[in-house]
Amino acid sequence: MIWSSASEFWSMGGYGVYVWGSMGVSAALMALEVMLTRWGRQQALDAVCEAMEAQTLDAEAVRDPVASSSGTTRQTTFNPGAVT
Amino acid sequence: MASWVLTAMDLACQKAQRTLFEGVSFSVPAGSWLHIEGGNGCGKTSLLRILCGLSPAARGQVLWPSARHALRLRPDRSVLHYIGHALGLKPDLTACENLCFDAQASGLALSREQALQALAEQGLQSRAHLPVRVLSQGQRQGVALARLRTSPASLWVLDEPLVGLDAQATATARALLQSHVDAGGAIVMTSHHDVGLQGPGARLQLGARGAA
Amino acid sequence: MKLFHYAAPQHFYPLAGRLWPALAVLATALALAGLWVGFMVAPSDAQQGQAYRIIYIHVPVSWLAMIIYLAMAFWSVLGLVFNTRLSGLMTRALAPTGALLAFLSLWTGALWGKPMWGTYWVWDARLTSMLILLFLYLGYIALTSAIEDPRRSDRAGALVAVVGAVNVPIIYFSVQWWNTLHQGASVSFTQSPRMASVMLTGMLLMSLAVWLYAAAIALWRVRSLILVRESHALWVQLLPEVQAHRTLRGAT
Amino acid sequence: MNALALPSPWQAISGVLRRDLRMALRRKSEWLGAVFFFVLVAALFPLAIGPEPDTLRLIGPGVLWVAALLASMLSLGRLFEADHQDGSLEQLALSAAPLSWSISAKLLAHWLISGLPLVLLSPLLGLQFGLAPEALGMLALTLLIGTPVLSLLGAIGAALTLGVRGGGVLQSLLLLPLYVPVLVFGTGAVDAQMRGLGGQAHVSVLLALLLATAALSPWACAAAVRLALE
């Protein structure tokens with residue numbers, strides 16, 4: 001352990017702003033990417049469920065077109081597009 | 001022309017992850033025609049583009065006719081002639097220039113006289129030297145059909161060939177198609193109204209699950 | 001053939017599912033070890049004092065930004081040649097992480113430049129090339145998200161990645177030439193500090209950590225992309241997590 | 001009455017070339033606009049930076065090269081977009097001649113219309129920046145070699161973003177990184193010339209870039225165009 005005290009560690013020989021600036025931002029952005037990927041996962045699961053619902057609606061439309069079209073036609077508005 | 005046949009085996013097409021049609025198989029021998037029918041958005045144009053090798057089929061395969069053997073690779077203008085919704089005419093060039101340059105750009109030989117004669121047969125001789133942009137939609141369709149007259153291809157793939165034509169132009173177009181089939185060529189076309197071609201032919205209903 | 005067994009998204013999905021958590025855990029362990037060595041064990045540098053410790057994040061991130069782009073080019077060539085669906089998805093999964101690491105490389109490079117040369121931005125050959133690499137990443141991401149049709153956007157993206165990869169060495173060479181040509185007052189960035197062995201181990205540990213982090217994130221993201229891309233396939237709809245999500249959605 | 005003999009692909013290429021040139025001559029507004037853009041941008045910088053001859057001489061090559069680069073990028077939209085809209089790109093894809101050959105003919109026509117005028121105008125504009133005669137000569141030479149490379153690389157961007165919403169902005173984002181080597185060696189040659197070192201090294205690298213892109217770009221464009229036609 002080369003640091004005598006915690007404050008010396010944080011000051012980093014006077015360059016604390018630069019060292020912790022770069023380390024901090026890197027850690028923050030990586031954490032942000034992890035959260036974004038988790039959010040993307042939920043979006044993907046939503047997309048699959050909506051696709052399944054769209055398919056069941058299509059199946060109904062083929063079986064009895066009049067009944068199903070009169071009901072509210074669910075528009076699959078969600079376009080997964082770019083899931084980052 | 002040696003006897004050949006255009007065969008399509010178990011074609012399927014997907015657009016934006018939705019299957020437009022699947023299990024479509026047919027064969028069009030020389031001297032016959034195929035009329036593809038179906039509602040809007042059932043994939044008629046996509047099927048034609050697959051037949052031209054422009055877009056890939058999700059499943060299945062197409063064998064194109066050629067003088068010697070069935071071609072597996074992509075066909076070209078010497079074997080097949082495609083007219084889509086967009087007619088492929090340059091608006092700034094005159095009808096005659098369009099025919100000549102298009103033939104030359106596609107690696108085919110065509111003289112001015114042949115082009116002018118084809119336009120005359122289609123009843124457009126008076127407009128042969130006008131820029132295409134001043135022509136009406138029906139006349140542009142006529143220019144596209146005139147290009148068909150000069151094409152060496154034995155297989156014609158036509159998307160709505162008679163749309164926008166007046167009665168007289170429709171008659172000449174129908175005669176052109178009929179003469180091509182009688183001369184041993186083949187036509188695959190989509191059209192909302194009945195073209196009424198005689199001779200061996202078939203109809204293909206797209207859109208119903210697992211078309212014939 | 002075994003190789004192509006995992007080229008199908010259906011088989012790659014469970015494999016990625018098992019791989020990425022393991023890689024993530026390994027990455028965090030290596031990162032902690034690397035940081036400990038880098039910040040607690042390694043001595044301060046003779047000339048640069050404590051500021052040199054930024055290399056423990058700057059160098060790994062710069063390496064990875066370059067390696068990820070090459071990986072994207074590799075997957076793209078695979079996709080163009082073998083027409084496998086998975087390659088387009090894998091390239092698309094790698095791109096955001098690569099772009100992030102390229103940006104971090106510039107960010108940490110600037111923060112290191114300030115104490116060393118008094119300016120945040122040095123037109124050094126490697127920093128400039130990294131800036132251009134960031135543009136290549138953004139170009140790929142913009143193109144693939146602008147094209148709706150999945151198949152076309154995969155292949156267009158693959159073309160851009162391959163053309164970009166062919167140009168990376170040419171760009172680096174021309175920027176290097178340009179830098180030496182206009183050799184101004186600023187000291188060049190190229191002579192990195194003499195590496196004491198313990199510093200080197202710290203940096204290598206961090207490089208491995210960032211490498212595993214990138215792999216884990218990419219595999220995790222490719223799973224979501226596979227779900228979206230194959231949402232119409234039956235095997236996706238029968239997945240346990242999809243069923244669980246469906247009941248959850250049904251409940252709300 | 002069918003056309004029988006199939007002429008060689010060279011005939012097809014000359015057909016595409018003559019057709020594009022004839023169309024460009026009939027519709028001058030498009031490509032003349034790009035040339036005027038080049039002249040205007042080159043005229044704006046002295047107004048912005050001041051008439052002081054030394055600074056103008058220093059920034060002259062860089063400004064003219066960047067203006068030429070932006071002007072050639074401006075005229076890229078016209079390369080495939082019109083043909084894609086009216087269906088002639090499909091007919092070209094179905095042509096008996098290989099698609100990459102037809103595309104190289106289109107690129108040559110595009111360069112003759114958008115690249116060559118820049119080369120011919122550059123000495124004239126160079127005078128505004130007070131460049132010495134040899135520097136003007138080197139500038140014209142580097143543009144003569146460089147603008148085809150800009151067209152060849154730009155064609156890949158144009159083909160990739162064919163029919164894509166917001167394609168123009170996307171094109172510049174895709175192409176600017178690829179334009180860096182040409183810009184560096186183009187301006188470097190003129191700079192070296194002005195400092196008396198002679199720009200032969202830079203010119204040879206520019207020629208290498210030209211040969212490389214001339215070999216690879218038509219193939220990549222053909223692949224991208226086939227992709228866009230799907």
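Reply: Helices (H or I, at least four residues) and strands (E, at least two) are DSSP runs, numbered from the N terminus. On that basis, chain B has five helices and eight strands, and its elements run β-β-β-α-β-β-α-α-α-β-α-β-β from the N terminus on. This is a predicted model, in which local features need pLDDT of at least 70 and side-chain atom pairs count only at pLDDT 80 or more, while totals for chains, interfaces and linings use all residues. Residues are numbered from 1 along each chain as its sequence is written, and chains are lettered from A and ligands numbered from 1 in the order in which they are written.

Me: What makes chain B as compact as a globular protein of its length?

Reply: The test compares the radius of gyration, taken over C-alpha atoms, with the globule rule, 2.2 Å times the number of residues to the power 0.38. For 212 residues the rule gives 17 Å, and the radius of gyration of chain B is 17 Å, so chain B is as compact as a globular protein of that length. Along the principal axes, its C-alpha atoms fill a box of roughly 50 × 35 × 35 Å.

Me: How many residues does each chain give to the contact between chain D and chain B?

Reply: Chain D gives 32 residues and chain B gives 30. The largest share of the chain D side, nine residues, comes from helix 1 of chain D. The residues on that side divide into 16 nonpolar, nine polar and seven charged; Ala, Val, Leu, Ile, Met, Phe, Trp, Tyr, Cys and Pro count as nonpolar, Asp, Glu, Lys and Arg as charged, and the others, Gly among them, as polar. By contrast, chain A and chain B do not touch, and their nearest C-alpha atoms are 10 Å apart.

Me: How do you know that strand 1 and strand 2 of chain B pair?

Reply: Two strands pair if DSSP finds at least two bridges between them. Strand 1 (residues 5-15) and strand 2 of chain B share eight bridges in the antiparallel sense, and B:Thr7 has B:Ser27 in strand 2 of chain B as its bridge partner. Strand 5 (residues 80-83) and strand 6 (residues 155-159) of chain B also qualify, being joined by four bridges and running parallel.

Me: Why do strand 2 and strand 4 of chain B stand at the edges?

Reply: The open sheet of three strands in chain B has the order 2-1-4, with antiparallel pairing. Strand 2 (18-29) and strand 4 (59-63) of chain B each have a single partner strand, so one side of each is left without a neighbour in the sheet.

Conventions:
Contact = placed C-beta atoms within 7 Å.
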